[in-house]
Every structure is written in structure tokens, then in C-alpha cells.
Amino acid sequence: MTMRPPELQHLTDRLEVALDARLETGPARDLASVVFAALRRPATAGDSMPQRLPVCDQFDRALDRVCSQGGSLAELGLALKSVDPVLSWERRPTATPGDGGFYDGHANATIVGPQGIERRDDVWIGVSLMAPHVTYPEHHHPPAEIYIALSPGAWRHGGSDWFTPGIGGLIYNVADTPHAMRAGPEPLLAIWCLWTGKSQVWPRTAPP
């Protein structure tokens, strides 16, 4: 039987607890249920090499803020810190040095997924980090998505105005909904979850 590294297991457990405490009945809770049901069965260990980018200098600052919240959010922050040494941080594929502060002011790391610590194609869990005053451009993708904000910051999805969910706030993006995020005076840190598999219990927003 495939065994999941204890640090990764602890992180997925803490993420499940943090989301469960905040999700109301509806599509977002359904999505989380499918994600964590799938994670009951560990998959193959990934082989991506650890990599850091300039914005990773902001990681500890962002974590200090969420860890100061106490409770399940602090536990989630500490669990995320425990896997940071093996994360492979990458820029958005379309980013170029001509993008100004965005190029060195953002990074994403896949924790579970095709390029993650655990390699699988049904569940993606990852983390995004942005330096202060950096905006992540509007984008969209077929899978529905849940973000849990681990820092202050602003978000926009669909036709909404910018809004601030606060530390521990949730953002649910329906499939193919355009969305964007931006950091204020503090770095922005968030964990995201996507379901890309097929399930009879998740018919509403599963990708084709």
C-alpha cells in the first residue's frame, strides 16, 4: 500500500478540518467532500525537485500572520510550513520578465496533483503566494475551485467587485468563472483545491 509522508498527511488533515469548519451546505461543501474522499487513498510520490523563487522570501511573513490567528488556521499554517522545504514553486506559465513586479512577485506550488509532492490527476491542491501590491491576473479553468485565504488580500470572481474575505475566508469559483486576486500592503497567501476527476456524486461542476 502506498504511504503518504506524515507531513503531507498532516497538511491534508488540517486543510480538511479548516474547510469543514467554514463551509456551508452547497456546491462548495460537495466539492470538498469529493476531494477529501479521494485523498483517503494515497497516490504515488511525486518527483519534482524543490525550487524557490524570489517571492518566497515573503512566505514566512505571511505564515506568521496566519499562525497568529490560533486555532485551526494556525495549525494549517504550521502544517503548510512543514512541507515548504519540498515544494517546487513556479511562476504562472504566461508570466514574462516584462510583466514588471508580477514576474518576481508571485509563485504557485502544487502540493497534490500532476507536479505535486503526491502525484495524481483527480485532485489538485496547491498554494499561491504574492508580494505586497501585486495583482494576479484574471483567469479561468474548467474545474470548480475553493480557496482558503491565509492572509489579508482582495479577490474578484465573475462580475463581482473586489472583496476582502479576510484571513480564513473562503472563495468558491464555479467552473470556468473568471477570477483574480491582489495583495495589499501585506503578502497574499492562499491554498486552493480543485477536483479534476469523475464522480457520480459531483455532477454539477465536474470537468468533461
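Guide: What follows covers the nonpolar core, a pocket and a histidine, all in a predicted model.

Visitor: Okay, which residues touch the most other members of the largest nonpolar core?
Guide: Leu 80, Trp 89 and Ile 111 do, in a core that counts 62 residues. The largest share of this core comes from strand 11, residues 188-195, which supplies 8 residues.

Visitor: And what does Leu 80 touch?
Guide: Leaving out residues up to four places away in sequence, Leu 80 touches Leu 11, Phe 59, Leu 63, Ile 111, Val 127, Leu 150, Leu 189 and Ile 191.

Visitor: Switching topic, how many residues line the largest pocket?
Guide: The lining has 22 residues, with Asn 108, Thr 110, Trp 124, Tyr 136 and Trp 192 nearest the centre of the pocket, and the volume is about 570 Å³. By class, the lining is made up of 10 nonpolar, 8 polar and 4 charged residues.

Visitor: Which strand gives the most to that lining?
Guide: Strand 3 does, with 3 residues, and among the other strands that each supply at least two residues are strand 5 (123-130) and strand 11.

Visitor: Now His 179, is that buried or exposed?
Guide: His 179 counts as buried because its relative accessibility is 4%, under the 20% cut-off. His 179 is found in strand 10, residues 179-182.

Visitor: What does its side chain pair with, then?
Guide: The side chains of His 179 and Glu 145 are joined by a polar contact of 3.1 Å, while the His 179 side chain also reaches the backbone oxygen of Thr 177 at 2.8 Å. Beyond four places away in sequence, the residues that His 179 touches include His 139, His 140, His 141 and His 157.

Terms used: Residues numbered from 1 in each chain as written. Predicted model: local features only at pLDDT ≥ 70, side-chain atom pairs only at ≥ 80, totals over all residues. Heavy atoms only, no water. Core = buried A, V, L, I, M, F, W, Y, C linked by side-chain atoms within 4.5 Å. Buried < 20%, exposed > 50% of the residue type's maximum accessible area, 1.4 Å probe, protein only. Helix = DSSP H or I, 4+ residues; strand = E, 2+ residues; numbered from the N terminus. Contact = heavy atoms within 4.5 Å. 1 Å grid on protein atoms, 1.4 Å probe; cavity = no way out; pocket = protein on both sides within 12 Å on 5 of 7 lines; lining within 4 Å. Points joined across faces, edges and corners; volume = space filled by probe spheres on them. Nonpolar A, V, L, I, M, F, W, Y, C, P; charged D, E, K, R; others polar. Polar contact = N/O pair within 3.5 Å; in protein donor to acceptor, adjacent residues only side chain to side chain.
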